[in-house]
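Please look over the model with the notes below in hand. Each point takes up one feature.

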Amino acid sequence: MRELTRAEEQVMQILWGIEKGFVKDILAKMSSPKPAYNTVSTIIRILEKKGFVKHKAYGKSHEYYPIVTKDQYRSFSIKNLLTGYFGGSFSKLASFFAKDENLDIKELEKLMNEVKDDVK
């Protein structure tokens, strides 16, 4: 799996939300100022080359759908973040956010309980 650009990720977020759609459907979900139709079409074709989406052809029209789930990409992104910035250590990541967000003991305990619940 490869990392997505900001524009590619924006298109993927929309596709994950709508599950399948034509370029016009993706464009309709984008906030203003909207990119040009051809720009979105180019991005979606790049995503297809990268292995993130596939399409069904209806004549000259193409309906696109994701083949990489949001959870799969999230896991990949977090692993890259951990490796690139925190030496692969989740503890260092958690410590960074605890310091950066000025979390108090109650908030840290709540976070730990949520992690424990998710692991079960």
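What volume does the largest pocket have? The points below start there.

1. **The largest pocket.** The volume of the largest pocket is about 160 Å³. A pocket here is an open set of points on a 1 Å grid over the protein atoms alone, where a 1.4 Å probe fits and protein lies on both sides within 12 Å along at least five of seven lines; lining residues have an atom within 4 Å of a point. The volume is the space filled by probe spheres set on the points, which are joined across faces, edges and corners.

2. **How to read the model.** This is a predicted model, in which local features need pLDDT of at least 70 and side-chain atom pairs count only at pLDDT 80 or more, while totals for chains, interfaces and linings use all residues. Residues are numbered from 1 along each chain as its sequence is written, and side-chain values use heavy atoms, with hydrogens and water left out.

3. **The pocket lining.** Among the lining residues are Phe90, Phe97, Leu108, Met112, Glu114 and Asp118. Helix H5 (90-100) and H6 each supply at least two residues of the lining. H6 gives the most, with six residues. Helices (H or I, at least four residues) and strands (E, at least two) are DSSP runs, numbered from the N terminus. By type, the lining has nine nonpolar residues, no polar ones and two charged. Ala, Val, Leu, Ile, Met, Phe, Trp, Tyr, Cys and Pro count as nonpolar, Asp, Glu, Lys and Arg as charged, and the others, Gly among them, as polar.

4. **Helix H6.** H6 covers residues 105-119, 15 residues in total. From first C-alpha to last it reaches 21 Å, close to the 21 Å expected at 1.5 Å a residue. The expected span is 1.5 Å times one less than the number of residues. Aspartate 104 caps the N-terminal end of H6, with a side-chain oxygen 3.1 Å from the backbone nitrogen of lysine 106.

5. **Aromatic pairs.** How many aromatic pairs does the structure hold? There are five. Rings of Phe, Tyr and Trp (its six-membered ring) pair if their centres lie within 6.5 Å; planes under 30 degrees apart count as stacked, over 60 as edge-to-face and the rest as tilted. The ring centres of tryptophan 16 and tyrosine 73 are 6.3 Å apart and the planes are at 35 degrees, so this pair is tilted. The pair links distant parts of the chain, 57 residues apart: tryptophan 16 is in helix H1 (residues 6-18), tyrosine 73 in helix H4 (residues 70-86). Tyrosine 73 also forms a tilted pair with phenylalanine 76, at 5.8 Å centre to centre and 40 degrees between the planes. Trp16, Phe52, Tyr73 and Phe76 form one aromatic cluster.

6. **Buried or exposed?** Buried means under 20% relative accessible area, exposed over 50%, partly exposed in between (1.4 Å probe, protein chains only). Tryptophan 16 is at 14%, so it counts as buried. Tyrosine 73, at 5%, is buried. Phenylalanine 22 is partly exposed at 24%.

7. **A lysine in a loop.** Lysine 50 is found in the loop between H3 and strand S1 (53-58). Lysine 50 is buried, with a relative accessible area of 18%. Its side chain makes a polar contact of 2.7 Å with the side chain of glutamate 8. A polar contact is a pair of N or O atoms within 3.5 Å; within protein, one must be able to donate a hydrogen and the other to accept it, and residues adjacent in sequence count only if both atoms are side-chain atoms.
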